[in-house]
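Trainee: Could we go through this model together, starting with its pocket?
Mentor: Gladly, let's take a look.

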Amino acid sequence: MTATPTHPSPPPTPALSAWRAEFIHPADEHAFRTSVQHSMARQLRVALALWAGLLLLFALPDLQVLGATSPLFWQLLAYRGAMAALLLGAAGVLRRQPHWATDGRLAAWIAVIGYPFYFLLFHVREDVRIWTVGMVMFMQFCMFLFLPGRVMAFVPVAVFGVVGSLLSFVLLGRPPATLLGLAFLLTLPALVGYVAAARLQRVQRQEFALRQRLSETNAALQAEIAQRIELQAELERQATTDPLTGLVNRREFSRRFALDLARTQRDASPLSLVLIDLDHFKRINDQYGHAAGDAVLCTLARLSGSCFRSIDTVGRLGGEEFAVLLPGADLQCAAQAARRLAQRLADTPVEHEGQRIVAGMTAGVVQRLPSEDSLDSLLQRADLALYAGKQAGRARTMLALPDGSHQEFYTGLHSIG
C-alpha cells in the first residue's frame, strides 16, 4: 500500500545569543559565516583601504603645522606609512583568505595596532589634542559599525582604546575630573556602537535563518510535490493497469479504443482487434496450481510485446482473456500478428517449479466495419470468431468476415494466410 505524503513541518528557528549576537549552535554560526564571508571580506577590504587613505591624507595637516624639516613630522609620517602598509597588506590577505573577515580577530588586532598612534598624538601634538579625542571617539563608534566581524571581538579593543587614552592623560597630569569626563566621552560611542552593531548582526542572522527556513521548507514542499506526483502516477497506473501482467486493464483499453476510433474515422484508416483466450487454462490451474496459471498469463503478456507494434494496445480484459487493438492494420495484418503470438507461445514452454507447461491460445480477429462505433460491437464479433475456433478444436486463429461468417486463418498444423 502506498504511503500517504505528510505535510512538511517547518524547521525550528536557531537560537541567538543575547550578548554575542551570534547563533548559539556552532553549526548554525558556521553556516552563517560561510554564507557571508565573501561579502564581509569585500566590505572589510574597502574599510581598510579607506582607513589607509585617511591616515595618509591627514599627513598634510602635520606637514602644514610641523613643516617638512621637523623630525616629528617624519616620525609621524613613518608611523602613518607603516600603518597604511599594514592595512593594505591585510586587505590583500583577505582576497586569499576571505574567512578571516568573519573570524573577527584580524580586524580586531588591526584596530589594536591602530590605537597607539592616537595615544602618541596626545603627547606630541598638543594643538590637536581635542581633535584627537574626537577621532578616538569616532573610531570607537566606527569600529563596531564599519569593520565587519564579530561584535564581541571589538569589545576588548574598545576597552583598550578607553584605558590607553586615560593612561595617556594620566601621564599628561590631567586631574581626575578630566579623566572621568574623558572616560564617559570615550565609553559612550563604544557602547552605542556595540548596541547598534549587535542589533545589526542579530538582524542579519535572523534574515539568514529565515532564508534557510524558507529554503528548507521549499525543499520539503518540492519533495512533497514530487511524492504526490509519484503517488498520482502510481494511482493512475493502478487504475489503468492489470496488476499481474502489467498490461492495460479493460477500462484503459476502452479509453484507448475511443482514441483509436477517432483517429480511424478522421484518417479513414483500418482498425482491427484481436481477442485471445488461453486454451485449457482451467486445467492448467487445476493441475499445476494458480501460481503456474499466473506464470502462463505473464508469459503471454511478455511475448505480446515482441509480436505486436508499439502503437498497438494489448490489454487483459479478465481471467485468461486478452485483447489487442491494432490501429492502421487490416484484417490480414492483424491475423498475421496473432499468428506470431500463437507460434511464440507454443514454442515457449513455461518453467514452473521444475514443470514445463506448454500453453496454447485461440484468437478471434475482426476488422472494424464502417458502421461500427462501439468497442462492444467489435468484441462481440471477435468473441463469436473465437468461439468458432474453440468449437473447431482450439489452437486456432479465426477471422470474422464482414458477412458474419468465420474463416480459419491459422492452426498449429497449417495456415491459409
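Mentor: By class, the largest pocket's lining has 17 nonpolar, no polar and 1 charged residues. Nonpolar covers Ala, Val, Leu, Ile, Met, Phe, Trp, Tyr, Cys and Pro, charged covers Asp, Glu, Lys and Arg, and the others, Gly among them, are polar. This is a predicted model, where local features need pLDDT of at least 70 and side-chain atom pairs pLDDT 80 or more, while totals for chains, interfaces and linings use all residues. Residues are numbered from 1 along each chain as its sequence is written, and side-chain values use heavy atoms, without hydrogens and water.

Trainee: Which element gives the most to the lining of the largest pocket?

Mentor: The elements giving two or more residues to this lining are H1, H5 and helix H6 (129-146). Helices are DSSP runs of H or I with at least four residues, numbered from the N terminus. With 7 residues, the top contributor is H6.

Trainee: Are H1 and H5 roughly parallel or roughly antiparallel?

Mentor: Helix H1 (residues 26-57) and helix H5 (residues 105-124) have axes 13 Å apart and pack at an angle of about 10 degrees. Angles under 35 degrees count as roughly parallel and those over 145 as roughly antiparallel, so H1 and H5 are roughly parallel.

Trainee: Which residues in H1 meet H5?

Mentor: Contact means heavy atoms within 4.5 Å. On the H5 side, the partners are Ala107, Ile110, Ala111, Gly114, Phe117 and Tyr118. From H1 come Leu44, Leu48, Trp51 and Leu55.

Key: Axes fitted to C-alpha atoms, helices over the stretch in contact; angles between N-to-C directions. Parallel < 35°, antiparallel > 145°, perpendicular 65-115°, else oblique.
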